[in-house]
Amino acid sequence: MIQFQNVSKVYPNGTIGLKNINLTIKPGEFVVIVGLSGAGKSTLLRSINRLHEITDGHILIDGKSITAAKGKELLRMRRDIGMIFQSFNLVKRSSVLRNVLSGRVGYHSTLRMLLGMFPQHDVDLALKALERVNIREKAFSRADELSGGQQQRVSIARALAQEAKIILADEPVASLDPLTTRQVMDDLKRINQELGITTIVNLHFIDLAREYATRIIGLRAGELVYDGPVAEATDEVFGQIYGRAIKQDELLGGAGH
Amino acid sequence: MKSATAAVRPPRTKLYVTVLILLAFLIGSAVQTDATVPELIRGIPEIARFIAEMFPPDWAFFQKIWKPMAETLQMSILGTLIGALFAYPLALLAARNVTKTPWLSVPARLIMNLCRTIPDLLYAALFAIIVGFGPTAGTLALVFFTFGILSKLAYESTEAIDPGPLEAMTAVGANKLKWIRFGVLPQVAPTYLAHLLYTFEISIRASSILGLVGAGGIGLLLKNTLDLFRYDQACSIVIYTLIVVIIIETVSTRFRTYLLKGGKGPASPARSRMFTILGIAVTLALLVWSLLGLKLTGFQPTWWQFTKAMFKGLFHPDWGYVYLPEGEDLLRNLLLTLSISYLGNIVSAIVCLPFAFWAAANMSRSRLVSGSGKLALSLVRTIPEVIMAIIFIKAVGPGPYAGVLALGLHSVGMLGKLYAEAIENMDMGPVEAMTAVGANRWKILAFAVVPQVIPEFLSYALYRFEINLRSATLLGMIGAGGIGTPLIFAINGRSWPRVGIILIGIVVTVSLIDYISGTLRKKIV
Ligand SMILES: Nc1ncnc2c1ncn2[C@@H]1O[C@H](COP(=O)(O)OP(=O)(O)OP(=O)(O)O)[C@@H](O)[C@H]1O
Ligand SMILES: [Mg+2]
């Protein structure tokens, strides 16, 4: 469970990132955050694992404040939160397997990790994670030999190997073509359903949000302007979130169907 | 879709074999050069004493410094200008897009590369024999030295020019000279000038050490004070020289950036004409000052005989020296030189790591931290390796070990800077991802940083090895072990056939290593 309590964020230059957000996300939900560019979607997502520091309020994860966590405690809490990035953030020269294994570093001592010695259990786990996203056979390829969609699946596998309880995905499909977009979204959805991992995704495309989300959160200029189930997120609601009518380029279109 | 055959881990034998070979080289080199850790620790008190005696520097010594300092500058001004006079025409001859006839361009490139393989100190030692000790030898050495550098730079920039204007000139029906004057020169003029300034900067550094082998300038004074154990005076010489060098480099760099990138907005024709005239006037003034200031006498009446004897010897190398059963032969000295550069390389590649991470802007929160790291690196860089070699020779005695330490420490400055840049240029995405995974600083380093920068680090280390090899030959000439030592003995004893075979040995080794290292570097990146 993730709880936002009166969370605000003001960037050092005075820009308001988040304004008094109150939210509760229950285990196993598939939440999609929508909003205009600059609305604060990334800020919200990244404040959950404290890649961004908030300036006010508290964020609790399973009842424990990550905002107050320090040192090892923070690292330990981050271990349970997987993150998927728009630009994949893989080490391109390393093998796929090594990239996936890097999700396991939180479980072992620093010395052991400096030597790069992962137990067999971790390797099995990593291979199983790759199998789950259908790229087991690429395990020993270099990451930059893979296509964009495959690379994103590697980073999903990394979050799986991490045995994360929460997955945060910041525009995971923004640099993919429509077809691979659906493959990656399907993977996320399947993992969410089969393993019950709480999933929070930032998305640009409204039709994708409607298709995959169980719950939609709308942000506008750092403020929560909509929070409700998909069924109630009508075109008018989106119009409100966006402050105008929906444009064609905010729809992915019917590719893949 | 799943592939029927499960992917298998590719074998890593290649990696293991490489590491083993490198380790074997390391052990071999350490044995060759007597460079062991206890040896180093034994030398530390000596180094400390030497440095303690350098301070406080004898500031009053400045009165005696400024004259040889002026001589140093005059030598490099004259040397660079004369060198340039020959370098540009040769560059045009060597450039394949200007000179279409291979029987002209191939020999031109050969001369160019040959001149570049011979280090500055070697030129100085040779000319000191031919024309006698003093600034004449230094100036001549710098003519050849700057010629080698400048012709290469000019040649490379000439080959890179836009072919469009050349075709236009051909279409207009211009003869070859007009074709060069209107098609080539306007394109290369700013770069040529920038290269000239750059070469001048390098030549001042070279000029200040040439005196160590008797070629005039501040280096001669430095040698005298060292021989008299007046380390405080030596220290003030080094400091003053560094100040002069840094001032000139700073000014020159400003001009170079202006030449290459242009100023703010286009300069008016009147202004650019004024700058041209001003530039020519300053150059002429410097030239006159140098010609009047330098005592370019010293040409002994016997110089022609010497030159003849030298060339005769050089063309009849002493092949017997290649291998002598009792040792101290060419092969063993070359091997020693290789060992010195290899060890120096390893030392610097390791020592510079913490510096590189300290200096990289993206590895610390505050600019203050990385800025101080960059400053430390550039301080190390400014002290010439020859000076470092002298310090270490005093500390651990003359021999290969002093060479290893000098090369190792000096390269830290250069390599650290390149490494820091490699770190700054890497993709920060994986660092972010590892932070999100819950990795601490060390784990981030091991999983997000190191795998990204390793290829660059290796490539720079190889490149540094090429440079170190050249420096190692040179350091031997002032007593830091390796092939330079028998070379300077042979030069001073005027045994030219021996000099000839050593030169051949150096040129072959340097070219061979350049080739191997170049091939490897292409494979890595
Ligand atoms: N490091 C920063 N310093 C100052 N302001 C920032 C910084 N990062 C983001 N902002 C500002 O904070 C606001 C929210 O940014 P955020 O990146 O969260 O938006 P977003 O909804 O993710 O947009 P996009 O869809 O373009 O990714 C924007 O106005 C942005 O300009
Ligand atoms: Mg964003």
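**View 1. The side chain of Arg381(B) and the backbone oxygen of Gly413(B).** In this predicted model, the side chain of Arg381(B) reaches the backbone oxygen of Gly413(B) at 3.3 Å, which is a polar contact, that is, a pair of N or O atoms within 3.5 Å, where within protein one must be able to donate a hydrogen and the other to accept it, and where residues adjacent in sequence count only if both atoms are side-chain atoms. Arg381(B) belongs to helix 14 (residues 367-382) of chain B, helices (H or I, at least four residues) and strands (E, at least two) being DSSP runs numbered from the N terminus. Leaving aside residues up to four places away in sequence, Arg381(B) touches Arg205(B), His410(B), Gly413(B), Met414(B) and Lys417(B), where contact means heavy atoms within 4.5 Å. Although Arg381(B) and Met414(B) are 33 residues apart along the chain, their C-alpha atoms are separated by 6.1 Å.

**View 2. The surroundings of ligand 1.** Ligand 1 is surrounded by 13 residues, and the closest are Ser37(A), Gly38(A), Lys41(A), Ser42(A) and Thr43(A); a residue is counted here if one of its heavy atoms lies within 4 Å of the ligand. This shell divides into three nonpolar, eight polar and two charged residues, with Ala, Val, Leu, Ile, Met, Phe, Trp, Tyr, Cys and Pro counted as nonpolar, Asp, Glu, Lys and Arg as charged, and the others, Gly among them, as polar. Oxygen atoms of ligand 1 lie 2.6 Å from a polar side-chain atom of Ser37(A), 3.2 Å from a polar backbone atom of Ala39(A) and 3.3 Å from a polar side-chain atom of Glu171(A). On its own, ligand 1 has 640 Å² of accessible area, of which the protein covers 64%, as computed by the Shrake-Rupley method with a 1.4 Å probe.

**View 3. The interface between chain A and chain B.** Here 33 residues of chain A are in contact with 28 residues of chain B. There are two salt bridges between the chains, each a side-chain nitrogen of Lys or Arg within 4 Å of a carboxyl oxygen of Asp or Glu, and one of them joins Asp427(B) to Lys92(A), whose closest N and O atoms are 3.6 Å apart. On the side of chain A that touches chain B, helix 2 (71-79), strand 6 (81-84), helix 3 (96-101) and helix 4 (110-114) each supply at least two residues.

**View 4. The peptide bond from Phe55(B) to Pro56(B).** This bond is cis, with omega near -5 degrees, whereas most peptide bonds are trans. Pro56(B) is placed in the loop between helix 2 (37-54) and helix 3 (62-94) of chain B.

**Note on all views.** Residues are numbered from 1 along each chain as its sequence is written, while chains are lettered from A and ligands numbered from 1 in the order in which they are written. Local features need pLDDT of at least 70 and side-chain atom pairs count only at pLDDT 80 or more, whereas totals for chains, interfaces and linings use all residues, and side-chain values use heavy atoms, with hydrogens and water left out.
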